[in-house]
Amino acid sequence: MKMRVAAKEYLYRNGIWQVSEEVKMCDWCLQHGEGKKWYLNVNNYVKKFDEMEDWLKEWNSNYRDVQSQLWGPISAEVDILKSRLSPRLEKLADMDWETGFSQYHSGQVATLDECKEMVKVAGDTGGVVRLACTCRKYKRGGKYIGPENTLCLGISAYASMYHEHPERIWKEHKIQTVSTEEAMEHLENCSEKGMVHNASYVGSPAYMSKICNCEYPVCVWLQWRLDWGLTGILKKGHYVADLDMDKCNGCGECISSCQFKAINFSPTYEKAILKEDRCFGCGQCSFVCPQNAIKMVDRELSPALKEDW
């Protein structure tokens, strides 16, 4: 993802970060954020599903019919994947996959705190529902296996869809309306289980649809990005982990929590070592570190990473 000038720029001078007149933001924020992160822009949280464009409603309705094929065990060959899409998804399949996903259905990794902010916005713009995660539903035998492991959050327009258009969803989804506080508790529980959060949107403009809570390789978004290199389906988050090795005691909690293989153990130092270029900014390492040795910093502040999305 290319970076473009938006507001202020941070420069490293004389050993400290200094703010100049401009900052660089990701393309999605520039296109859909109106000065904010795109997933915190209230205009991306429509109140009614019927407010979406007709093609998007049709796309979503048919999407349900092909999910068992799309999400199931599939070849790593993208052409084979394309052949499994229905005619109504040709709008995406006929495009370059990077461009198609970036415009019509994609997500971005987010921290627990960011997701809580999204829930607050969603609570004022249509509500929040808890629903069965499609990825986990199909990648674990096509069977609903319990709320403690298989639920994500649907928000705003998609929350209204589940109530006003029940014909569009499966009975197995077991939709449940939740309060803002219950949604935040759900997010915290997912973080404690080691799941990665991402903000998901459908359509252009970027309609917020879900806050996904999942894990590699079950999560389709994570698998396609990490295994196939499709950056258009999932972008790195706005934060990067910063490890203070003086505080690290080498316990390894952060290593086991990282689904992106960004943290390893150094036998020489007997401590964790971080590869920032592999970090997606999910914040799980910071969440589990008992020594508070890891903090999350803005990706835009790093000259080496500010264009690495």
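The model is a predicted one, in which local features need pLDDT of at least 70 and side-chain atom pairs count only at pLDDT 80 or more, while totals for chains, interfaces and linings use all residues. Residues are numbered from 1 along each chain as its sequence is written, and side-chain values use heavy atoms, with hydrogens and water left out.

Helices (H or I, at least four residues) and strands (E, at least two) are DSSP runs numbered from the N terminus, and two strands pair if DSSP finds at least two bridges between them. An open sheet with mixed pairing is formed by seven strands, in the order 8-6-7-10-9-5-11. Its edges are taken by strand 8 and strand 11 (234-235), each with a single partner strand, so one side of each has no neighbour in the sheet. Helix 10 (residues 180-192) packs on this sheet and touches strand 6, strand 7, strand 8, strand 9 (196-202) and strand 10 (207-214), contact meaning heavy atoms within 4.5 Å. The direction of helix 10 makes about 145 degrees with that of strand 7; axes are lines fitted to C-alpha atoms, for helices over the stretch in contact, and angles run from 0 to 180 degrees between N-to-C directions.

Strand 6 (residues 128-132) is largely enclosed by the rest of the structure, because five of its five residues are buried (under 20% relative accessible area, with exposed over 50% and partly exposed in between; 1.4 Å probe, protein chains only). Strand 6 runs antiparallel to strand 7 (residues 151-155), joined by five bridges; Leu131 is partnered with Cys152, and Ala132 with Leu151. With strand 8 (residues 176-178), strand 6 pairs in the antiparallel sense over three bridges, Val128 having Val178 as its partner.

Salt bridges, defined by a side-chain nitrogen of Lys or Arg within 4 Å of a carboxyl oxygen of Asp or Glu, come to four. Among them is Glu114 with Lys37, whose closest N and O atoms are 2.9 Å apart. Glu114 belongs to helix 6 (residues 112-124) and Lys37 to the loop between helix 1 (27-32) and helix 2 (54-71), so the pair ties together parts 77 residues apart in sequence. Both Glu114 and Lys37 are buried. Another links Glu188 to Lys116, at 2.6 Å between the closest N and O atoms; Glu188 lies in helix 10 and Lys116 in helix 6, so parts 72 residues apart in sequence are tied together. Glu188 is partly exposed at 32% relative accessibility, whereas Lys116, at 18%, is buried.
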